[in-house]
Amino acid sequence: MILNRLKDIWFLFGRLFPFPTKPGLRRVGCPGRSSPVLVTCNFELTVRKVIRTLEHDQIDAWLLVAPTKGINVWCAASGGHFTADTVISVLKTSGIENLVDHRKLILPQLSAAGVNIWALKDRSGWKPRFGPADIKDIPAYLHRGKQLTERKHRRVGFPLKDRLIMGTNLAFNALLFLILPLLLMSIWVSGLWWKSILSVLLLSVLTSALVFRLPGKPGVQKGLSLGIILASVFAVVALASRTMGSLETLGWSAGIILLATYLGFDLPGWSPLWRADVNELLRGVKNTQIRIVPEKCIGCVLCDLVCPANVFGKNPMTRKYEVLNLDACQACGACIENCPTEAIENNFRTGVCSCPTCAVIKGVKSLTSAQHEEQEKELAATNSCCGSTDCEDNEVDRVE
Ligand code: SF4
Ligand code: SF4
């Protein structure tokens, strides 16, 4: 029990690394031939949380653990490790087909960034549907007869608890880059390494905790704001108390500003709310463009169903869907992956991961691409919908 809790803590704070558990079938409770079949990734913490949540509500279920290289659902789906093929492989090898009478499959909503539900349905013969975004909402979803009636169950947030956990991951990531220079500099400046580690930890947690309160746009601007505020306070206290000389105070203040700016830049890559795009993070300029081509939209609702950011809305006149809140788009690609008519145009779906490292590579490319700028302008100029069609507002059942 204690060992499991310690492992949970390590999994939470060490998200930089994959933690694989064996793929395959898990029985939760005493599942029978009509029990629900759920799918998840093989990140060990996620598997434990799903099982714990189901057991807590005394739900008997089959859980298929897909081979996603030990990466969590959203990152694996975005990075191409959680796809229709991944799900089909666990369906075929687990023997689940002989254990249930139905063919209904419940996928985590955030897997939509990588799993094309139509391809999965055609190729497996199963009837997949996306469940809620958060593990804690699975019992309510099952009790409601597998209907996602509440919009909030399909959206992701970034509450303080998650921000504090991400703050420690942010620090860990920064220290990986800083550890060598710090050790070298500690040869000349005594105590620098532990003071720097403490500063990185403190600044990371503060950046994550205060991100919604800091002035500026997510990215460099918010980090710089925090750095200036903290460096000013630090300089006043250090000079007033005469614990440091003016040169040393200046050095530490500059270090605080630089570090906070870097952490502000890095945080969106760890968050579920902002896109890790170097253009957006450096310049604070929205770089994401997405639009629905009205002539192609059949109003199937799937884009709205899988979107974790509430970007879409239905036009009551045309009964088609349109982009209502472009600023919220995190460029996860779930809607594009699953639109049955390829009606969603965008300037970001590249099929590669959007982690900070990949974002830097993509950003450098986009900064030098004139074609990219042209595409942006073109999409921005036509970001509206005006067609008409008949559609049922019957979300998941349409997928079946
Ligand atoms: S998924 Fe595609 S076809 Fe369906 S409502 Fe959205 S844009 Fe229209
Ligand atoms: S609109 Fe943006 S955030 Fe929403 S599903 Fe599409 S790509 Fe993801």
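The shell around ligand 1 is made up of 12 nonpolar residues, two polar and no charged; here Ala, Val, Leu, Ile, Met, Phe, Trp, Tyr, Cys and Pro count as nonpolar, Asp, Glu, Lys and Arg as charged, and the others, Gly among them, as polar. Of the 14 residues around this ligand, those that come nearest are Cys297, Cys300, Cys303, Tyr321 and Cys339, a residue being near if its C-beta atom, placed from the backbone, lies within 6 Å. All of this is a predicted model, where local features need pLDDT of at least 70, side-chain atom pairs count only at pLDDT 80 or more, and totals for chains, interfaces and linings use all residues. Residues are numbered from 1 along each chain as its sequence is written, with chains lettered from A and ligands numbered from 1 in the order in which they are written.

Then there is the open sheet: five strands in the order 1-3-2-4-5, with mixed pairing. Strands are DSSP runs of E, at least two residues, and helices runs of H or I, at least four, numbered from the N terminus; two strands pair if DSSP finds at least two bridges between them. Strand 1 (24-28) and strand 5 (127-130) each have a single partner strand, so one side of each is left without a neighbour in the sheet. Strand 1 runs antiparallel to strand 3 (residues 61-65), joined by five bridges, and Gly24 sits opposite Val65 in strand 3.
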